[in-house]
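I open my notebook and look up one structure, part by part. The entries below keep the order in which I looked.

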Amino acid sequence: MVDPQLTPQGKLRHLLTLDGLPAATLRQILDTAESFMDVGERDVKKVPLLRGKSIFNLFFEPSTRTRTTFEIAAKRMSADVVNLNIATSSQTKGETILDTVANLTAMHADMFIVRHGQSGAAHFIARHVAPHISVINAGDGRHAHPTQGLLDMFTIRRYKGAFQHLRVAIVGDVLHSRVARSQISALTTLGVPEVRVVAPKTLLPPGVEQLGVQIHYDMSEGIRDCDVIIMLRLQNERMKGARLPSAQEYFKQYGLTAAKLAHAKPDAIVMHPGPMNRGVEIDSEVADGPQSVILPQVTYGIAVRMAVMAMLAGGGGD
Amino acid sequence: MVDPQLTPQGKLRHLLTLDGLPAATLRQILDTAESFMDVGERDVKKVPLLRGKSIFNLFFEPSTRTRTTFEIAAKRMSADVVNLNIATSSQTKGETILDTVANLTAMHADMFIVRHGQSGAAHFIARHVAPHISVINAGDGRHAHPTQGLLDMFTIRRYKGAFQHLRVAIVGDVLHSRVARSQISALTTLGVPEVRVVAPKTLLPPGVEQLGVQIHYDMSEGIRDCDVIIMLRLQNERMKGARLPSAQEYFKQYGLTAAKLAHAKPDAIVMHPGPMNRGVEIDSEVADGPQSVILPQVTYGIAVRMAVMAMLAGGGGD
Amino acid sequence: MVDPQLTPQGKLRHLLTLDGLPAATLRQILDTAESFMDVGERDVKKVPLLRGKSIFNLFFEPSTRTRTTFEIAAKRMSADVVNLNIATSSQTKGETILDTVANLTAMHADMFIVRHGQSGAAHFIARHVAPHISVINAGDGRHAHPTQGLLDMFTIRRYKGAFQHLRVAIVGDVLHSRVARSQISALTTLGVPEVRVVAPKTLLPPGVEQLGVQIHYDMSEGIRDCDVIIMLRLQNERMKGARLPSAQEYFKQYGLTAAKLAHAKPDAIVMHPGPMNRGVEIDSEVADGPQSVILPQVTYGIAVRMAVMAMLAGGGGD
């Protein structure tokens with residue numbers, strides 16, 4: 001089957017998921033992001049790479065944080081950005097997603113950043129857009145959030161160098177996380193020999209072991225001797241659901257505290273995709289502590305998104 | 001009576017309605033739009049014509065689609081665009097429309113794009129703005145939506161060349177359509193000898209025949225031998241109202257299907273202002289078929305809006 | 001105590017309140033604003049001063065009007081502006097203000113424009129941001145709205161020249177006004193010898209006389225022989241509260257009419273921060289009359305905001 005994300009020449013055409021992306025492509029994105037790192041530190045944070053391009057933030061579910069990262073990345077590349085919050089407009093008029101996309105395409109759109117509550121929405125759009133248009137999945141249901149996964153890889157590489165000798169633990173609500181799947185996929189592709197998921201049974205998807213991960217139900221065991229600990233966000237609606245006794249109980253068992261962190265390697269880094277629930281999945285002492293790289297993740301996220309946009313805008317066609 | 005849209009020298013000062021605009025002005029707008037057609041196809045979709053101008057999207061009722069077309073058109077002309085969704089803010093603080101407009105004028109606004117639920121709102125604003133400010137009506141109640149009417153004329157000219165030998169049918173909810181009136185007016189002004197409206201009696205405004213159109217209640221008869229078929233959107237709220245039996249029944253009688261389309265000329269084009277209700281006013285087979293020019297309409301809409309903005313910003317004063 | 005708004009060298013680092021700002025700093029801002037006055041009148045309203053800077057409109061309570069003034073000021077200085085309406089997004093995800101700010105900082109933000117319903121919010125943020133980031137308070141609870149206070153000073157100076165011989169009356173809901181306190185503070189600092197507050201007892205904060213103002217309960221007495229009359233907005237929710245009999249009664253006693261205005265000096269100017277409640281705190285005859293400088297205030301507001309942004313972006317670091 002042809003990967004819809006790559007051109008026949010193997011160039012990046014869309015970014016929909018990290019599943020199936022070759023290691024070389026992942027590394028190329030990370031290298032490109034590295035080259036954008038300095039833009040954010042300049043006095044004039046602006047490069048002309050996407051000047052005169054029309055980029056649409058097509059958000060079918062609201063997300064100020066993710067929308068903002070893409071908007072600022074696009075503006076720093078001099079693109080024209082238009083934000084569309086579709087939940088509150090055309091959809092209420094009964095227009096289909098494809099009609100919306102076809103309309104924006106007819107306005108000479110160059111790129112769609114798509115956030116949607118349903119898994120597969122970005123793929124669906126990518127299958128139907130004109131050849132010169134690129135789609136970036138900014139989160140679709142429980143499925144994928146590839147730029148988040150990429151910025152996580154970028155973070156790990158920045159702090160740990162090579163991937164080949166790492167032990168990485170992903171802790172928390174793997175079941176509902178669109179980030180976890182992207183992370184597991186990328187970590188494996190990039191050669192991490194040991195990826196663990198740490199969670200109560202009720203928050204693990206069935207068959208997760210087939211992704212090549214080790215399963216741990218005990219937090220201290222799960223993060224023992226790890227180099228990287230990736231905490232997942234526990235969404236509010238889960239906390240009072242049937243799957244969990246309570247937020248307090250969850251924190252006791254799976255919240256990352258300094259005491260639990262002591263089981264990991266002394267130089268282990270702590271990551272979190274944000275926004276954090278302090279006192280639920282992570283203790284403030286750790287979140288703000290010396291091993292936390294949570295804010296650098298955000299910084300890298302801009303560089304990674306600039307890199308992806310630059311590659312899509314520049315490389316897809318030739 | 002002085003036309004508020006034209007300067008004493010006959011230049012375009014506001015665009016409020018197509019009613020009463022001379023054919024020469026209409027043609028000038030279409031010609032100017034033609035000159036902007038290539039901007040959308042460039043690698044760098046950007047011209048400096050409105051650089052440093054402040055354009056306000058003043059939307060008193062929400063419309064992502066229309067707002068987006070104006071926003072992208074303005075950005076491609078390098079203007080500074082500010083979106084104001086007034087329904088949710090100042091109006092709740094009890095400020096009058098004129099105070100809002102006076103305030104934005106005091107901020108050195110150059111142009112207002114106005115969408116309002118009440119007919120005449122854009123005219124009202126235009127009557128009160130300072131001499132250097134232009135107003136574009138982006139839809140006011142049931143009254144007018146002139147840039148939509150203009151892009152329809154642009155589409156017809158592109159596909160059919162001259163207007164002088166055409167037979168045009170406008171089909172559907174003429175009663176509630178702010179587009180239909182603009183279209184009838186422009187078609188007549190541009191010399192189309194035969195304009196028909198096709199609709200159930202309950203969806204025709206009283207006295208519509210005085211606009212110089214032929215009335216048809218039967219769809220097949222109404223579009224017979226036509227060169228252009230313009231389908232109107234049937235708004236959801238009408239479908240369950242007293243005026244119509246049901247959406248299914250409406251589709252049966254007035255929905256454009258391939259079978260009905262066969263009554264028109266073989267090279268007839270099918271237009272729709274969007275967003276479409278597939279299966280209500282138009283069948284997908286037709287909407288996506290070879291005679292449909294619905295997506296080109298969107299593309300032309302950007303060029304037409306750029307043209308209008310350029311003419312207003314450049315030509316009103318001298 | 002160190003003033004968090006100034007660097008050790010006395011340069012402006014944040015703009016949080018006018019309380020405690022030295023007269024020299026106030027005058028420097030007004031002088032800088034004067035130099036920006038011509039930008040709004042140019043054909044190309046654009047200067048490159050903030051090109052490549054990332055400015056975030058961080059609005060925790062909605063305000064189209066204030067947000068618009070900052071957005072247009074920032075765009076005229078060529079900044080990249082991102083609007084965040086936090087009420088509807090991250091906060092619902094349970095993220096703290098400081099986490100939101102830390103995240104935006106990690107995206108290499110340069111400036112935050114903060115509007116918040118709670119007094120002290122902008123100060124709180126300013127205390128926690130990185131050294132290169134500036135915060136502008138765009139209104140926090142009942143506390144301060146310093147750019148409004150500054151534009152009022154700019155207006156008075158423009159119309160009255162020096163401050164040293166003026167008699168200024170501030171009329172209305174001083175209790176709930178975040179503007180009044182900023183005004184009293186700035187007027188006193190700039191040397192206005194007589195500042196009066198005119199209001200019913202129920203709309204005056206306890207201890208207001210300690211701010212160095214004269215208190216008047218009678219409107220005609222309160223504005224007698226004044227050079228400047230600043231009307232405050234009466235918020236809708238107050239009108240039906242326990243503190244006031246009714247809007248009609250309020251207008252009768254404290255609404256500025258031509259008859260009452262006759263008690264002031266013949267060349268007195270009338271100011272209002274907007275949005276106005278015509279017929280409640282001010283009569284339309286006065287609001288639109290020859291002594292009203294309400295719309296010039298708006299114009300000056302853009303220049304003042306450009307000045308503050310330019311000073312913060314340029315001067316804080318050295």
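**Entry 1: ground rules.** I note that this is a predicted model, in which local features need pLDDT of at least 70, side-chain atom pairs count only at pLDDT 80 or more, and totals for chains, interfaces and linings use all residues. Residues are numbered from 1 along each chain as its sequence is written, while chains are lettered from A and ligands numbered from 1 in the order in which they are written.

**Entry 2: chain A as a whole.** I looked up the secondary structure and found twelve helices and nine strands in chain A, where helices (H or I, at least four residues) and strands (E, at least two) are DSSP runs numbered from the N terminus. The C-alpha trace of chain A spans about 55 × 40 × 40 Å along its principal axes. For 318 residues a compact globule would have a radius of gyration near 20 Å, and the 19 Å of chain A agrees with that; the radius is taken over C-alpha atoms, and the globule rule is 2.2 Å times the number of residues to the power 0.38.

I then looked up burial, and buried residues make up 55% of the 318 residues in chain A. A residue is buried if 20 or more other C-beta atoms lie within 10 Å of its own, exposed if 12 or fewer, and partly exposed in between, with C-beta atoms placed from the backbone. Among the contacts in chain A with a separation of 6 or more, 76% come from residues 24 or more positions apart; two residues are in contact if their C-beta atoms, placed from the backbone, lie within 7 Å.

**Entry 3: two domains.** Chain A is divided into domain 1 (23-144 + 299-315) and domain 2 (146-293), with bounds that come from an automatic or database domain assignment. The C-alpha centres of domain 1 of chain A and domain 2 of chain A lie 26 Å apart. Where they meet, 20 residues of domain 1 of chain A are in contact with 18 residues of domain 2 of chain A. On the domain 1 side, the elements that give two or more residues are α1 (23-36), β4 (134-140) and α12 (294-315) of chain A. That side of domain 1 of chain A has eleven nonpolar, five polar and four charged residues, where Ala, Val, Leu, Ile, Met, Phe, Trp, Tyr, Cys and Pro count as nonpolar, Asp, Glu, Lys and Arg as charged, and the others, Gly among them, as polar.

**Entry 4: how the chains are arranged.**

The contact between chain B and chain A takes 24 residues from chain B and 19 residues from chain A. On the chain B side, α2 (64-76) and α12 (294-315) each supply at least two residues, and α2(B) gives the most, with eight. The residues of this side of chain B divide into eight nonpolar, eight polar and eight charged.

**Entry 5: helix α5 of chain B.** The 15 residues of helix α5 (residues 146-160) of chain B should span 21 Å at 1.5 Å a residue, and the end C-alpha atoms are 21 Å apart, which agrees; the expected span is 1.5 Å times one less than the number of residues. Eleven of the 15 residues of α5(B) are buried, so the helix is largely enclosed by the rest of the structure. Among the buried residues I list P146(B), L150(B) and F154(B). After α5(B) comes G161(B), whose phi is positive, near 75°.

Entry 6: Most residues other than glycine have a negative phi, and most peptide bonds are trans. S78(B), which is not a glycine, has a positive phi near 70°; S78(B) lies in the loop between α2 and β2 (80-85) of chain B. Is S78(B) buried or partly exposed? S78(B) counts as partly exposed, because it has 18 C-beta neighbours inside 10 Å. H108(B) also is not a glycine and has a positive phi of about 65°, but H108(B) counts as buried, with 21 C-beta neighbours inside 10 Å. Lastly, a cis peptide bond with omega of about -10° joins G274(B) and P275(B), and P275(B) has its place in the loop between β9 (269-271) and α11 (284-287) of chain B.
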